[in-house]
Amino acid sequence: MSELRARAGALDAADELAGSRKQFVLDAVSDHAADAAGVYLDGNSLGALPANVPGHVEDVVRRQWGELRIRSWDESGWWTAPERIGDRIAPLVGAAPGQIVVGDSTSVNVFKAVVAAVRMAESTGTGRDEILVDATTFPTDGYIAESAARMTGRTLRPVTPAEVPGALSDRTAAVLLNHVDYRTGRLHDLPSLTAAVHAAGALAVWDLCHSAGALPVGLDEHGVDLAVGCTYKYLNGGPGSPAYLYVRHDLQDRFDSPLPGWNSHTEPFGMRPAYEPASGAPRGRVGTPDILSMLALEAALEVWDGVSIDAVRAKSLALTDFFLECVGAYVGEGRVESLTPVAHAERGSQVALRCEGAGEVMKRLIERGVVGDFRHPDVLRFGFTPLYVGFADVERAARVLGEVLTGEVLSGEAPR
């Protein structure tokens, strides 16, 4: 399909984000079967390494820690890093400064957000005794929501995002939803669902793990109450990089964290036995910040300087459109089924394909240098990170997938 290769080249030549690719450590694309280097389409699980991070981390370790040691809490800005880095993330999710704090894991922040939302609902004295949770959510969110319900004496009710408007009632205290479904890449309607939750008098908590850094979110614009997200996917913060917590400005003085650590105390070094929460975003802190991974994240976020999230979204949609077209051309009918919506308004930045023997197929793809991931029992996931994925990558990935499905897997032939 030389026409598709030619189109890929033309699209790459016209790509306004193409220059961002050189800011990442990436393998060279190769069509040689023996060369495992190639196309990285797993940024929806772990983003690629920004090239400036190793040098920055070396400085943090050798100079800030090795030479300045404890002085770095002040002189290197370690103490203020959670809020400073939160303000770097804020524009990527449509938030004004002072509403995001970085630290802990996504799971811990989901717990903080859901319990705090229930407590805020409880403070109104309306007897709201139910939490709604996305029934299709990433498992940890469900586990945390179930624990939060038990701890707060609420009933947990799993519903799909489409069912939320009909499930809301005067019993609903809080609703925990995913912006993008991790299996299928379906983008849920954050504005309308948030509005529906508010109309019912409840609070909306959004998980942004699969949307932040891939598409506009609009937290402030749409009045989201609380939100959480990881930083190691489209934000490229590195394995285990700290997550973040968003609390809308007008709710911060009501945010009652279930984990009131010394870092969120209004006078953390006062060592007072009675807890008094800090004001603003620091109220979401708990314990000592994880400085090494946090400052690696801060360096990684430099790749976003001068980048428009709208441009990222436009390229994301163009990449996924082109991939689906190439899959149709190279794979043929009946071998795969796309679980990802065709409509742009319903699509995140990944494509999920269902196929027989998906685990083995992904293994063969990786051997050929096309790296995506497999989700049990039969789903191939491909994540498209617009800052470093190009249209030639997309064409090659679809072409190799077609070769694997029509040759290697079905007939047992060796890789070509």
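Start by selecting helix 4 (residues 81-89), whose buried residues are Ala81, Pro82, Glu83, Ile85, Gly86 and Ile89. Buried means under 20% relative accessible area, exposed over 50% and partly exposed in between, with a 1.4 Å probe and protein chains only. Helices (H or I, at least four residues) and strands (E, at least two) are DSSP runs numbered from the N terminus. The model is a predicted one, in which local features need pLDDT of at least 70 and side-chain atom pairs count only at pLDDT 80 or more, while totals for chains, interfaces and linings use all residues. Residues are numbered from 1 along each chain as its sequence is written, and side-chain values use heavy atoms, with hydrogens and water left out.

Contact here means heavy atoms within 4.5 Å.

Keep helix 9 (residues 291-300) and select helix 2 (residues 53-68); their axes come within 9 Å and cross at roughly 140 degrees. Axes are lines fitted to C-alpha atoms, for helices over the stretch in contact, and angles run from 0 to 180 degrees between N-to-C directions. Helix 2 and helix 9 are therefore oblique to each other; angles under 35 degrees count as roughly parallel, over 145 as roughly antiparallel, 65 to 115 as roughly perpendicular and the rest as oblique. On the helix 2 side, show Val53, His56, Val57, Val60, Val61, Gln64 and Trp65; on the helix 9 side, show Leu292, Leu295, Ala296, Ala299 and Ala300.

Next, go to valine 307, in the loop between helix 9 and helix 10. Valine 307 has a relative accessible area of 18%, so it is buried. Its contacts, not counting residues up to four places away in sequence, are Leu17, Ser20, Val312 and Leu387.

Then select Leu208, Trp304, Phe323 and Phe382, the residues with the most contacts inside the largest nonpolar core, which has 82 residues. A nonpolar core is a set of buried Ala, Val, Leu, Ile, Met, Phe, Trp, Tyr and Cys residues joined through side-chain atoms within 4.5 Å. Helix 10 (residues 309-331) gives the most to this core, with 10 residues. Leaving aside neighbours within four places in sequence, phenylalanine 323 touches Val351, Leu353, Phe382, Phe384, Val394, Ala397 and Ala398.

Finish at arginine 157 in strand 6 (residues 155-159). Arginine 157 is partly exposed, at 34% relative accessibility. Beyond four places in sequence, arginine 157 touches Glu130, Ile131, Leu132, Val133 and Ala167.
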